[in-house]
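Morning, everyone. Please look at the sequence and the structure on the screen.

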Amino acid sequence: MVGANARGDTGRNGPRQGRSSLGGRLDAYLLEEILPLMLASLVVVVLLFMLYALYEVLAPILAKGASPLLVARLMAFSLPEAFGRALPLAMLFAVLLGFSRLSSDAEIKSILAGGIAPLRLAVPIMTLSVAVALLSFVNNELLVPRVSSQAQQTQRDIVLDNPRV
(Lines give C-alpha, C1' and ligand atoms only; values in the text may rest on other atoms or scores of the structure.)
Protein backbone atom coordinates (compact mmCIF):
# COMPACT_ATOMS: atom_id res chain seq x y z
CA MET A 1 0.00 0.00 0.00
CA VAL A 2 2.87 2.36 0.75
CA GLY A 3 4.31 1.69 -2.72
CA ALA A 4 1.04 2.65 -4.38
CA ASN A 5 0.88 6.00 -2.59
CA ALA A 6 4.52 6.73 -3.34
CA ARG A 7 3.84 6.29 -7.07
CA GLY A 8 1.02 8.82 -6.97
CA ASP A 9 -1.91 6.44 -7.45
CA THR A 10 -5.12 7.81 -5.95
CA GLY A 11 -6.81 4.46 -5.79
CA ARG A 12 -9.01 2.47 -8.07
CA ASN A 13 -11.65 5.16 -8.67
CA GLY A 14 -9.55 8.33 -8.70
CA PRO A 15 -7.72 9.77 -11.67
CA ARG A 16 -4.01 9.36 -11.96
CA GLN A 17 -2.09 12.50 -12.75
CA GLY A 18 0.54 11.81 -15.34
CA ARG A 19 1.98 12.75 -18.68
CA SER A 20 -1.28 12.24 -20.57
CA SER A 21 -3.02 15.19 -18.90
CA LEU A 22 0.14 17.30 -19.17
CA GLY A 23 0.47 16.34 -22.82
CA GLY A 24 -3.11 17.35 -23.52
CA ARG A 25 -2.58 20.71 -21.84
CA LEU A 26 0.67 21.21 -23.71
CA ASP A 27 -0.99 20.40 -27.04
CA ALA A 28 -3.82 22.80 -26.28
CA TYR A 29 -1.38 25.50 -25.22
CA LEU A 30 0.70 25.17 -28.39
CA LEU A 31 -2.39 25.18 -30.60
CA GLU A 32 -3.75 28.23 -28.75
CA GLU A 33 -0.47 29.92 -29.55
CA ILE A 34 -0.38 28.92 -33.23
CA LEU A 35 -4.02 29.04 -34.41
CA PRO A 36 -4.70 32.78 -33.90
CA LEU A 37 -1.43 33.61 -35.64
CA MET A 38 -2.35 31.27 -38.47
CA LEU A 39 -5.78 32.80 -38.95
CA ALA A 40 -4.39 36.34 -38.87
CA SER A 41 -1.63 35.54 -41.34
CA LEU A 42 -4.13 33.68 -43.56
CA VAL A 43 -6.30 36.79 -43.75
CA VAL A 44 -3.29 39.01 -44.51
CA VAL A 45 -1.86 36.74 -47.21
CA VAL A 46 -5.25 36.21 -48.88
CA LEU A 47 -5.79 39.97 -48.91
CA LEU A 48 -2.37 40.46 -50.48
CA PHE A 49 -3.15 37.92 -53.21
CA MET A 50 -6.54 39.54 -53.81
CA LEU A 51 -5.01 43.02 -54.01
CA TYR A 52 -2.48 41.74 -56.51
CA ALA A 53 -5.28 40.22 -58.61
CA LEU A 54 -7.23 43.47 -58.38
CA TYR A 55 -4.25 45.55 -59.43
CA GLU A 56 -2.92 43.34 -62.23
CA VAL A 57 -6.04 41.87 -63.78
CA LEU A 58 -9.18 43.59 -62.65
CA ALA A 59 -8.15 47.25 -62.59
CA PRO A 60 -7.60 47.42 -66.37
CA ILE A 61 -10.92 45.69 -66.93
CA LEU A 62 -12.71 48.18 -64.69
CA ALA A 63 -10.92 51.10 -66.34
CA LYS A 64 -12.31 50.08 -69.73
CA GLY A 65 -15.86 50.18 -68.44
CA ALA A 66 -16.71 46.58 -67.55
CA SER A 67 -19.68 45.86 -65.32
CA PRO A 68 -18.73 46.08 -61.62
CA LEU A 69 -20.99 43.12 -60.86
CA LEU A 70 -19.11 40.88 -63.29
CA VAL A 71 -15.79 42.13 -61.95
CA ALA A 72 -16.94 41.35 -58.39
CA ARG A 73 -17.89 37.83 -59.52
CA LEU A 74 -14.46 37.41 -61.10
CA MET A 75 -12.86 38.61 -57.86
CA ALA A 76 -14.93 36.12 -55.84
CA PHE A 77 -13.89 33.32 -58.18
CA SER A 78 -10.22 34.10 -57.57
CA LEU A 79 -10.67 33.69 -53.81
CA PRO A 80 -10.27 29.85 -53.62
CA GLU A 81 -7.02 29.97 -55.57
CA ALA A 82 -5.70 32.70 -53.27
CA PHE A 83 -6.81 30.64 -50.27
CA GLY A 84 -5.01 27.56 -51.63
CA ARG A 85 -1.79 29.51 -52.05
CA ALA A 86 -2.09 31.33 -48.73
CA LEU A 87 -2.86 28.38 -46.46
CA PRO A 88 0.64 26.82 -46.43
CA LEU A 89 2.26 30.27 -46.12
CA ALA A 90 0.00 31.12 -43.20
CA MET A 91 0.95 27.87 -41.47
CA LEU A 92 4.64 28.61 -41.96
CA PHE A 93 4.31 32.17 -40.63
CA ALA A 94 2.26 31.06 -37.64
CA VAL A 95 4.68 28.31 -36.60
CA LEU A 96 7.69 30.58 -36.98
CA LEU A 97 6.09 33.45 -35.08
CA GLY A 98 4.60 31.18 -32.40
CA PHE A 99 7.80 29.32 -31.64
CA SER A 100 9.75 32.57 -31.79
CA ARG A 101 7.52 34.00 -29.07
CA LEU A 102 7.76 30.83 -27.02
CA SER A 103 11.53 30.96 -27.35
CA SER A 104 11.81 34.64 -26.46
CA ASP A 105 9.79 34.07 -23.27
CA ALA A 106 11.96 31.03 -22.42
CA GLU A 107 8.89 28.80 -22.43
CA ILE A 108 10.60 26.21 -24.61
CA LYS A 109 13.42 25.99 -22.09
CA SER A 110 10.87 25.55 -19.30
CA ILE A 111 9.07 22.80 -21.18
CA LEU A 112 12.31 20.97 -21.89
CA ALA A 113 13.46 21.44 -18.28
CA GLY A 114 10.17 19.90 -17.19
CA GLY A 115 11.16 16.64 -18.85
CA ILE A 116 9.14 16.95 -22.06
CA ALA A 117 10.97 15.57 -25.09
CA PRO A 118 11.69 18.08 -27.87
CA LEU A 119 9.87 15.91 -30.39
CA ARG A 120 6.79 16.05 -28.17
CA LEU A 121 6.50 19.76 -29.02
CA ALA A 122 6.16 18.85 -32.69
CA VAL A 123 3.17 16.51 -32.28
CA PRO A 124 0.38 19.13 -32.22
CA ILE A 125 2.11 21.21 -34.88
CA MET A 126 2.53 18.22 -37.17
CA THR A 127 -1.11 17.23 -36.61
CA LEU A 128 -2.20 20.75 -37.55
CA SER A 129 0.15 20.66 -40.55
CA VAL A 130 -1.41 17.44 -41.82
CA ALA A 131 -4.89 18.97 -41.43
CA VAL A 132 -3.76 22.09 -43.33
CA ALA A 133 -2.20 19.94 -46.06
CA LEU A 134 -5.41 17.93 -46.45
CA LEU A 135 -7.54 21.08 -46.54
CA SER A 136 -5.21 22.63 -49.10
CA PHE A 137 -5.26 19.46 -51.21
CA VAL A 138 -9.06 19.28 -51.20
CA ASN A 139 -9.30 22.97 -52.04
CA ASN A 140 -6.77 22.80 -54.87
CA GLU A 141 -8.05 19.56 -56.38
CA LEU A 142 -11.81 19.95 -56.04
CA LEU A 143 -12.74 23.59 -55.64
CA VAL A 144 -10.15 25.52 -57.66
CA PRO A 145 -10.73 23.71 -61.01
CA ARG A 146 -14.50 24.26 -60.80
CA VAL A 147 -14.12 27.89 -59.85
CA SER A 148 -11.46 28.47 -62.53
CA SER A 149 -13.86 27.34 -65.25
CA GLN A 150 -16.52 29.67 -63.85
CA ALA A 151 -13.96 32.50 -63.77
CA GLN A 152 -13.14 31.91 -67.44
CA GLN A 153 -16.85 32.01 -68.26
CA THR A 154 -17.15 35.27 -66.33
CA GLN A 155 -14.20 36.71 -68.27
CA ARG A 156 -16.00 35.76 -71.51
CA ASP A 157 -19.14 37.45 -70.20
CA ILE A 158 -17.13 40.59 -69.46
CA VAL A 159 -15.72 40.66 -72.99
CA LEU A 160 -19.15 40.03 -74.53
CA ASP A 161 -20.79 42.62 -72.28
CA ASN A 162 -18.25 45.29 -73.19
CA PRO A 163 -16.32 44.78 -76.46
CA ARG A 164 -13.83 47.56 -75.58
CA VAL A 165 -12.31 45.27 -72.97
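I'll go from the overall fold to the cores, then to one residue.

First, the ground rules. This is a predicted model, where local features need pLDDT of at least 70, side-chain atom pairs count only at pLDDT 80 or more, and totals for chains, interfaces and linings use all residues. Residues are numbered from 1 along each chain as its sequence is written, and side-chain values use heavy atoms, with hydrogens and water left out.

Now the fold. The protein has six helices and zero strands. Helices here are DSSP runs of H or I, at least four residues; strands are runs of E, at least two; both are numbered from the N terminus.

What share of the 165 residues is buried? It is 29%. Buried means under 20% relative accessible area, exposed over 50%, and partly exposed in between, with a 1.4 Å probe and protein chains only.

Next, the cores. A nonpolar core is a set of buried Ala, Val, Leu, Ile, Met, Phe, Trp, Tyr and Cys residues joined through side-chain atoms within 4.5 Å. The largest one has 27 residues, and Met38, Ile61, Met91 and Ile158 touch the most other members. Helices 2, 3, 4 and 6 each give two or more residues to this core. Helix 2 gives the largest share, eight residues. Another core, of six residues, lies apart from it; Leu26 and Ile116 are among them.

Last, aspartate 161. It sits in helix 6.
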